[in-house]
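Here is a short briefing on one protein model and its ligand.

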Amino acid sequence: MKILNVVGARPNFMKIAPLMAEYPRYENIQAILVHTGQHYDEIMSKLFFSELGIPEPDVNLEVGSGSHAVQTAEIMKRFEPVLINYKPDVVVVVGDVNSTIACGLVAVKLGAKLVHVEAGLRSGDRTMPEEINRLLTDSISDLLFCTEQSGVDNLLKEGISPQKVHLVGHVMIDNLLRNKEKAKNSNILNLLNLNGDDYAVLTLHRPSNVDDPVIFGRILDALTIIQNDMPVIFPVHPRTRKNLVSCSLAKRLEEMPGFRLTDPLGYLDFLKLMSNAKVVLTDSGGIQEETTILQVPCLTLRENTERPITTELGTNQIVGTDPQKILAAYRNATSGNWREPQIPPLWDGKAAKRIVDIIVKSI
Ligand code: UD1
């Protein structure tokens with residue numbers, strides 16, 4: 001069986017790594033890896049391949065950045081001949097980025113079976129580009145693998161046949177559990193002079209937060225107070241850095257000595273940084289889940305989440321972008337007034353094995 005796997009953007013790499021490690025256990029599987037090149041900087045892409053032991057991609061489409069239409073269309077144009085050349089039986093796409101829907105659409109039109117890993121998540125917010133990517137990818141997939149029960153429920157509500165839907169746990173958590181020990185050797189706390197300190201970690205890159213100077217400014221209002229209390233470490237996504245400069249908010253940062261910007265970090269450094277943090281503030285999807293496993297309080301700077309299990313069982317709280325709400329939650333989190341987390345069902349490091357077993361049996 002020829003299985004062609006697609007990655008494109010940073011959050012895809014940790015999801016594909018456990019699958020690529022699993023395939024060699026099956027003699028009759030030939031695994032092919034295609035990188036669309038949606039993310040292309042060394043620190044947004046290449047570093048993750050070496051740290052996570054992902055094989056070199058067989059093909060890199062090198063699409064780079066662009067508007068949604070341009071990026072999606074360019075991926076489709078460049079992916080089609082690759083698919084015609086390799087003629088895979090199965091195409092596996094992960095997550096919810098533009099590469100996911102672009103390659104999924106090409107695959108089904110050429111008659112390959114489409115497998116979506118991390119299916120069924122719904123924020124209910126159709127202004128999020130990822131929500132559109134999720135809805136469309138799920139509606140054309142032949143096998144849909146869910147990380148949590150809400151994903152299964154959403155898919156059945158949308159009329160997807162139950163035979164196609166499987167609750168298997170989370171490949172991104174497989175990857176975290178595999179790398180947790182290795183991350184302990186990271187030197188990042190020394191490099192950032194954080195030994196023994198309480199500190200907060202911040203990540204922000206959603207267009208709804210960083211493309212709007214008013215909202216970005218409100219988040220900074222809360223952070224101005226937090227950074228007086230403890231250092232706030234902020235690995236800055238390229239999109240966010242561009243916006244900080246263009247909307248002149250960068251000036252405010254000069255008056256915030258505890259607010260410490262770094263380049264985006266590699267996987268192992270970021271895992272170590274998160275594991276030892278007092279609190280994490282984020283608008284990322286994956287970080288809401290990783291903090292649940294690491295038992296670190298997470299404040300999600302959005303009005304919704306497509307990963308509700310992290311608020312029901314985990315350490316996550318949705319706080320939005322109102323500075324008062326962010327500060328109230330921050331005080332609870334740092335004073336220990338936070339829920340004891342439980343590990344979500346099947347987040348046990350074996351999701352990739354379940355997925356490959358089901359692919360082999362069903363296709
Ligand atoms: C993409 C995903 C988002 C994911 C995020 C993680 C979509 C719709 N969005 O958003 O779901 O959470 O990745 O990072 O697919 N840039 C660089 N170097 C890079 C990549 C990007 O400088 O290696 C800059 C470019 O200027 C680009 C901007 O970042 O215009 C945004 O990149 P893009 O891939 O369009 O979306 P992300 O915001 O990264």
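**Ligand site and cores**

The backbone of Asn 98 places a polar atom 2.8 Å from an oxygen atom of the ligand. The model is predicted. The ligand sits in the largest pocket.

**Ligand contacts**

- The ligand is surrounded by 18 residues.
- The closest of these are His 39, Asn 98, Glu 130, Arg 239 and Lys 242.
- Arg 239 has a side-chain N or O atom 2.8 Å from an oxygen atom of the ligand.
- Lys 242 has a polar side-chain atom 2.8 Å from a ligand oxygen atom.
- On its own, the ligand has 750 Å² of accessible area, and the protein covers 88% of that.

**Nonpolar cores**

- Nonpolar side chains tend to be buried together in soluble globular proteins.
- Here, the largest nonpolar core has 57 residues.
- The residues with the most contacts inside that core are Leu 19, Ile 54, Val 92, Val 117, Phe 145, Leu 273 and Ile 359.
- Leaving aside residues up to four places away in sequence, Leu 19 touches Val 92, Val 117, Val 171, Ala 352, Ile 355 and Val 356.
- A second, separate core has 31 residues, including Leu 281, Leu 299, Ala 329 and Ala 333.

Key. Residues numbered from 1 in each chain as written. Predicted model: local features only at pLDDT ≥ 70, side-chain atom pairs only at ≥ 80, totals over all residues. Heavy atoms only, no water. Core = buried A, V, L, I, M, F, W, Y, C linked by side-chain atoms within 4.5 Å. Buried < 20%, exposed > 50% of the residue type's maximum accessible area, 1.4 Å probe, protein only. Contact = heavy atoms within 4.5 Å. Near = heavy atom within 4 Å. Polar contact = N/O pair within 3.5 Å; in protein donor to acceptor, adjacent residues only side chain to side chain. Areas by Shrake-Rupley, 256 points an atom, 1.4 Å probe, with all protein chains shown as cover. 1 Å grid on protein atoms, 1.4 Å probe; cavity = no way out; pocket = protein on both sides within 12 Å on 5 of 7 lines; lining within 4 Å. Sits in = over half its atoms within 2 Å of the grid points.
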